[in-house]
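Visitor: I would like to go through this model and ask what stands behind each label.
Guide: Go ahead.

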Amino acid sequence: MRATAQWLHKMAADSEPESEVFEITDFTTASEWERFISKVEEVLNDWKLIGVSSGKPLEKGVYTTGIWEEKSDEISFADFRFSITHHYLVQEASDKDGKEELVEDALPLSMQDLLCMNNDFPPRAHCLVRWYGLREFVVIAPAANNDAVLSESKCNLLLSSVSIALGNTGCQVPLFVQIHHKWRRMYVGECQGPGVRTDFEMVHLRKVPNQYTHLSGLLDIFKSKIGCPLTPLPPVSIAIRLTYVLQDWQQYFWPQQPPDIDALIGGEVGGLEFGKLPFGACEDPISELHLAATWPHLTEGIIVDNDVYSDLDPIQAPQWSVRVRKADNPQCLLGDFLTEFFKLCRRKESTDEILGRSTFEEDGKEVADITHALSKLTEPAPVPIHKLSVTNMVHSAKKKIRKHRGVDDSPLNNEVLNTIMLFLFPDAADKLTDGSEARPSTSRNNPPESEEYNLYSQFKSAPSDSLTYKLALCLCMINFYHGGVKGVAHLWQEFVVEMRRRWEKNYLIPGLANGSPDLRCCLLHQKLQMLNCCIERKKARDEGKKPYTSDRSPSGSSCDTGKAVDCSGGDYQKETEKERGEVGKSWESWSDSEEEFFECLSDTEELKGNGQENGKKGTKEGSKESANLKPEGRLHPHGKLTLLHPGEPLYIPVTQEPAPMTEDLLEEQSEVLAKLGTSAEGAHLRARMQSACLLSDMESFKAANPGCCLEDFVRWYSPRDYIEEEVVDEEGNRVLKGELSARMKIPSNMWVEAWETAKPVPARRQRRLFDDTREAEKVLHYLAVQKPADLARHLLPCVIHAAVLKVKEEETLEDIASVKKIIKQIISHSSKVLRFPNPEDKKLEEIIAQIMSAEAIIARARSLTAKFGIEKCDQEEEKEDLERFVNCLLEQPEVSVIGAGRGPAGSIIHKLFVNAQRMTESSDEVATMTSLDEELKRSGSSDERRLNLGAVADFPPPAGRELILRITVPRPAPYSKPLPQRMYSVITKEDFRLAGAFSADTTFF
């Protein structure tokens, strides 16, 4: 047993090395090549490209007008990634009737497309569509742009993969593989059908072989490639296109005169009027015109084209088509204005840094004086505001700046500056000494209901006749023509000084609508409106302090007369909105009073002894005591309501207007209220802060109606909170009985607390709800600290608004459909972007690019209109044809010329080439060259013109020659099935390409 165990152990030890080296090769495992083929087949199955493809015959021009779509996926061969893309023309599904199903061994659609002549030379399509005329194909190309299939073995491997995948799946869609570098656009491919196969091959050379520069040489290579054993061969079908390029034309037919930059920089502002944006291109936006002369249906033997002679005369071509090449990024004035102004948004410097702030530091005393003066403005003082000569201090500071900088070094000279200031403030020329001026109407240029005028609410800019809008245009022009950012800073400094002067002198700011700041406008416009509100309040208050020689009673006593009662007319309703609207007249109603407007309540403390505290409550006892008070601050009687307890008429009081607010103040207020929290104390404090206006109105109401109660105030102020119903009294009569609503009866109600707190104080003796002095100083400080970048951000919506209006104005003269579409897109895009503060730079750049695109299209339209002499055309019908032709050139990639070289447009194009050729041949002949107008009026046939001018001299050598050769012959044997053969050739100065599709019978060969 022991020996047996040792023998077994030895056998196991001997077998160990054999087990380590033993391998099993599984020949059923798929290789990388097989996996790649499987992935291709899988994609073709997923895209449902398996089986017989069906479709109806192609209509003429469908490759250009139809919709092309593509689907992509990614596959890999080992670690090399490929993208596989399916390109196809979207077509309506054809009904598969019985007749179609009975056709056996029908050629695949792609082979039928090889012979179709309806879509030769499409102007805009994939290169394989142009070369082979296919409606559907699949391309396998390296996924990375820098990858390429260069070696012949790899190309053959890919072609083998394609052939196997097509055979396994039965796919009849052509499958191409891109080889070599992508810029060469080299493709090889294959298409398989029932018993047929088409090989797609290509040749690409930089230098054109001499024997292939003409038709006869290309026919030889086509026939030798086919290798058809039939003799004689059927005639080859030929389509030829020769392309001629016209370049030397822009300097003679460009209508736009560029602005005189030197005159503008020198201060002559007549070149471009302030407030109007420039428009148009400074260079010809059309760089080249390409004329394609096409012979679509020729047969071998009809024409001669070899290295000695050619019958291909473009004048005799049956088809002409034209396309224009647009200049790359032409310099356009409006686009440059917008771009340069937008660059200001990225500047970091402040106005003081740009204009030399360091000059102030040499005299610290004057700096202290200025800051001391500004502090005085914010402190209550008995000294009138207008006696604080802040303007003189600012002007002295500006003199110091000029002393160090020099007057000649100022970014803006006096002439330009004065012109701008008069444009912005037209009232400055005829302003009256007392400060009254005619405010310009805000709806002078456009009716308020017009779409153009109301654009400002969508763009959050400013009305097109407002001061803010004009300021934006002036700054835009200053930035472009008069010193850039320094000129902008200089003008803004002068503007701020003018705002300060108007505030101190009580001069209203022109070009701003009445009333509170319009929150639909930009913040800068709101600030200017706020300043104007402050000036109005200050002006009314100052005028109210002036003594009058005539003996006038206070407004309250004047309302006691019967005349005041008549003025009410009984037409006043209970609705709060209308009655509050009447209160808007309050400032004028008490401006004739000799009493002083108090800023605080200290002067009213002496009134406490008159028993006014008892008048706070709505009891009858308090009413008797307060009824002895003299009514004050009455506007007019209500006309319908009477006080509940005394029974006297209810008078509408003069009230303070609510404080106007800009959007940044509203945001600050909402943040403060939100920070108070949700506690009871916070809610109570929030209610107190929000009821300041309510308390003021209650005090005014108590002063105007002695002996009143809370119910009287609610009936006037909030009629819905006073409920009346019919009840039967003790005597059986139906009477109206009223009471406060449920919310007014809630304990610790804000209205009840405010009523108990309110004293009978008329509006003119109350503390101001709106401190115009403080708010004006805040606005002026806000304006003074704005950097040019901040200013540009504020005004950019106005500049975009002006640019859109300018494009719309120019478009109406040309009537271009594509520009109308772009304008709608600009308005829609801008409305979404500009509505919110601090829009992204990228989105703003997109809007500016859209405006520049519209400007370029209009400039191209005007360039073509001038070149084709439309305005000088006498015949109306011919003029309309030319206008349609020019519009089509703008909208379409290529336009057919009606009548070819013999039509009106063709005749003009011919003369353009003739003149360009004469200019090229000899500069001495320029002076004697026949003008375009005379050439157009010239009579005679085309043959006579050829004899007079010479056909060769009319056109330059063709810049491109394209040929398509087609034939249907049996291949490879005489008894094979006749199949389509096609070869496309393109010859340019530095490029030669042959793209062949050669079909063969795989059954009978």
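Visitor: Which residues touch the most other members of the largest nonpolar core?
Guide: In this predicted model, they are I240, W320, I851, F868 and I909, in a core of 142 residues. Helix α31 (residues 788-814) contributes the most to this core, with 12 residues.

Visitor: What does I851 touch, not counting residues up to four places away in sequence?
Guide: I851 touches L334, L338, I800, A803, V804, V807 and I826. Of these, I826 is also listed among the buried residues of α32.

Visitor: What makes S818 count as buried?
Guide: Buried means under 20% relative accessible area. S818 has 18%, and therefore is buried. S818 belongs to helix α32 (residues 817-833), and beyond four places in sequence its contacts are I857 and E891.

Visitor: Which other residues of α32 are buried, and what covers them?
Guide: Besides S818, the buried residues of α32 are V819, I822, I823, I826, I827, H829, S830, S831 and V833. The cover includes α16 (455-459), α31, α33 (841-867) and α34 (876-891).

Visitor: How does the span of α32 compare with the expected one?
Guide: From first C-alpha to last, the 17 residues of α32 reach 25 Å, close to the 24 Å expected at 1.5 Å a residue. Helix α30 (residues 772-784), with 13 residues, reaches 18 Å, close to the expected 18 Å. Its buried residues are D772, T773, E775, A776, E777, V779, L780, Y782 and L783.

Visitor: Why is K787 called partly exposed?
Guide: Partly exposed covers the range between the 20% limit for buried and the 50% limit for exposed. K787 has 33% relative accessibility, so it counts as partly exposed. K787 sits in the loop between α30 and α31.

Visitor: What does K787 contact beyond its neighbours within four places in sequence?
Guide: K787 is in contact with K348, E349, S350 and T351. K787 and W492 are 295 residues apart in sequence, and their C-alpha atoms are 9.4 Å apart in space.

Visitor: Why are α11 and α17 called roughly perpendicular?
Guide: Angles from 65 to 115 degrees count as roughly perpendicular. The axes of α11 (residues 333-343) and α17 (residues 467-481) cross at roughly 95° and come within 9 Å. The two helices are therefore roughly perpendicular to each other.

Visitor: Which residues meet in that contact?
Guide: L333, D336, F337, E340 and F341 of α11 meet L475, C476, M477, N479, F480 and Y481 of α17. The residues of this contact divide into 8 nonpolar, 1 polar and 2 charged.

Visitor: What is the phi of F121, and is F121 buried or exposed?
Guide: Phi of F121 is positive, about 55°, although F121 is not a glycine. With 3% relative accessibility against a limit of 20%, F121 counts as buried. F121 is in the loop between α5 (109-115) and α6 (127-132).

Visitor: What makes R185 count as partly exposed?
Guide: R185 has a relative accessible area of 40%, so it is partly exposed. Phi of R185 is near 50°, a positive value in a residue other than glycine. R185 lies in the loop between β4 (175-179) and β5 (186-193).

Visitor: Where is the cis peptide bond that ends at P972?
Guide: The bond runs from R971 to P972, with omega near 10°. P972 is in the loop between β15 (960-970) and β16 (978-988).

How values were computed:
Residues are numbered from 1 along each chain as its sequence is written. This is a predicted model: local features need pLDDT of at least 70, side-chain atom pairs count only at pLDDT 80 or more; totals for chains, interfaces and linings use all residues. Side-chain values use heavy atoms; hydrogens and water are left out. Helices (H or I, at least four residues) and strands (E, at least two) are DSSP runs, numbered from the N terminus. The expected span of a helix is 1.5 Å times one less than its number of residues. Buried means under 20% relative accessible area, exposed over 50%, partly exposed in between (1.4 Å probe, protein chains only). Axes are lines fitted to C-alpha atoms, for helices over the stretch in contact, and angles run from 0 to 180 degrees between N-to-C directions. Angles under 35 degrees count as roughly parallel, over 145 as roughly antiparallel, 65 to 115 as roughly perpendicular and the rest as oblique. Contact means heavy atoms within 4.5 Å. Ala, Val, Leu, Ile, Met, Phe, Trp, Tyr, Cys and Pro count as nonpolar, Asp, Glu, Lys and Arg as charged, and the others, Gly among them, as polar. A nonpolar core is a set of buried Ala, Val, Leu, Ile, Met, Phe, Trp, Tyr and Cys residues joined through side-chain atoms within 4.5 Å.
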